[in-house]
Amino acid sequence: SLYEAMRYLKCRKSTAVAIVIVASFFYLINASFLAAPIGVVPVLVAHRGLSQDFDRQDLTNETCTAERMLPSSHDFLENTLPSMQAAFDYGADLVEFDVHPTVDGHFAVFHDWTLDCQTDGAGITREQTLDRLQALDMGYGYTSDSGKTYPFRGRGVGMMPSLEEVMTTFPDRKFVINVKSQDPKEGLLLANRLAALSPERQAQMMVYGGAQPVSLIRERLSGIRTLWPRRLKQCLMRYIAFGWTGWIPEVCDLNMLLIPANIAPWLWGWPNRFLQRMDKVDTNVFLVGDYQGEGFSQGFDDPERLKDLPSNYAGGIWTDRIDRIGPAVREGTIFGQ
């Protein structure tokens, strides 16, 4: 009947209005433009300090990157005290460095699992004493012309610092520490070192790397933000699935998150609303380079890509080229709108 038809149309109209209202509600609670930035400028992390760039094509875990050095624009070597100071001078808010335990109970600051590529030594890094490591030439293996010349050979002797030396040299600077192993004993040893710091100093540290050692640090030192791959994946996958409701998964709490630039737009409320939510649970967010399906170690390195970020972006940026990104960010002239 006419009455039933009108009733049916009215019901459908009410349902459509309800759907629009609900959709509008969830759109608005995830709208980035309605959320204030969490800061004034981006927070910059200099990966390994100011380091020599290298050819990243077809990299594997066995690739000797020192043999792939690109023509150099500076004289600094990664993970050294001068490279850290240079990174801070270029505008880094934090410097990332790698650690290995030594057989005499110290932590050496060095990236590679073995010494054979970068230095004039040989063997596994963590099977050495600190004195032995600090006698090596950290610039020995660098070449940009397939071994014809070695521009840093002889210039890196004695430049491998210990964790204690980094902390003493930069007593008020912020750092990200990379644990290279899956050894829980290393986690306990590093936790003991960090536990000796004041709570205020601990709050300036972040630790990421192997799940077993880093999770032990997290359990013991609740004021230090941490990250390991499985936790990162769980946080992002759960947030992508349910973050549209405004819910923040507990696994996202008190972390440092490394977000590939091509994944970031999938995060509900990116950037401002998402950053607000993570800030609410004491988690720091850093953009890195695009995810390519095989992990991501390259930083956000091209200043031109800053155009893809809104002009008020105040999240983190993780870069291997602080000498490029730092000045571009501080000048603030190439951000998008």
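**Exercise 1. Is Phe242 buried, partly exposed or exposed in this predicted model, and what is its relative accessible area?**

Solution, step by step:
- Start with the number: Phe242 has a relative accessible area of 46%.
- Now the cut-offs: buried means under 20% and exposed means over 50%, with partly exposed in between.
- So Phe242 is partly exposed.
- To find Phe242 in the model, look in helix H8, residues 229–242.

**Exercise 2. Work out what kind of aromatic pair Phe242 and Trp247 form.**

Solution, step by step:
- A pair of aromatic rings is described by the distance of the centres and the angle of the planes.
- For Phe242 and Trp247, the centres are 6.0 Å apart and the planes make an angle of 75°.
- Planes over 60 degrees apart count as edge-to-face, so that's the label for Phe242 and Trp247.
- Trp247 is partly exposed too, with a relative accessible area of 42%.
- Both residues also belong to a nonpolar surface patch made of Phe242, Trp244, Trp247 and Trp268, which together have about 420 Å² of accessible area.

**Exercise 3. Describe the pair formed by Trp270 and Tyr313, and say which parts of the chain it ties together.**

Solution, step by step:
- The ring centres of Trp270 and Tyr313 are 6.0 Å apart, and with 45° between the planes the pair is tilted.
- Trp270 sits in the loop between strand S7 (256–260) and helix H9 (272–280), while Tyr313 is in the loop between strand S8 (284–288) and strand S9 (316–319), so the pair ties together parts that are 43 residues apart in sequence.
- Trp270 and Tyr313 are both buried.

**Exercise 4. Find the two disulfides and say which hand each one has.**

Solution, step by step:
- Cys64 lies in the loop between strand S1 (43–47) and helix H2 (81–89) and Cys117 in the loop between strand S3 (107–109) and helix H3 (130–134), so parts 53 residues apart in sequence are tied together.
- Cys235 and Cys252 also form a disulfide, with sulfur atoms 2.1 Å apart.
- Here the torsion is about 110°, so the disulfide of Cys235 and Cys252 is right-handed.
- Cys235 lies in helix H8 and Cys252 in the loop between H8 and S7, so this pair ties together parts 17 residues apart in sequence.
- Number the bonded cysteines in sequence order and you get the pairing 1-2, 3-4.

Terms used: Residues are numbered from 1 along each chain as its sequence is written. This is a predicted model: local features need pLDDT of at least 70, side-chain atom pairs count only at pLDDT 80 or more; totals for chains, interfaces and linings use all residues. Side-chain values use heavy atoms; hydrogens and water are left out. Rings of Phe, Tyr and Trp (its six-membered ring) pair if their centres lie within 6.5 Å; planes under 30 degrees apart count as stacked, over 60 as edge-to-face and the rest as tilted. Buried means under 20% relative accessible area, exposed over 50%, partly exposed in between (1.4 Å probe, protein chains only). Helices (H or I, at least four residues) and strands (E, at least two) are DSSP runs, numbered from the N terminus. Patches are made of residues with over 30% relative accessible area and no salt bridge: like charges are joined within 9 Å, nonpolar side chains (Val, Leu, Ile, Met, Phe, Trp, Tyr) within 5 Å. Accessible areas come from the Shrake-Rupley method with a 1.4 Å probe; for residues, only the protein chains shown count as cover. A salt bridge is a side-chain nitrogen of Lys or Arg within 4 Å of a carboxyl oxygen of Asp or Glu. A disulfide is a pair of cysteine sulfur atoms within 2.5 Å.
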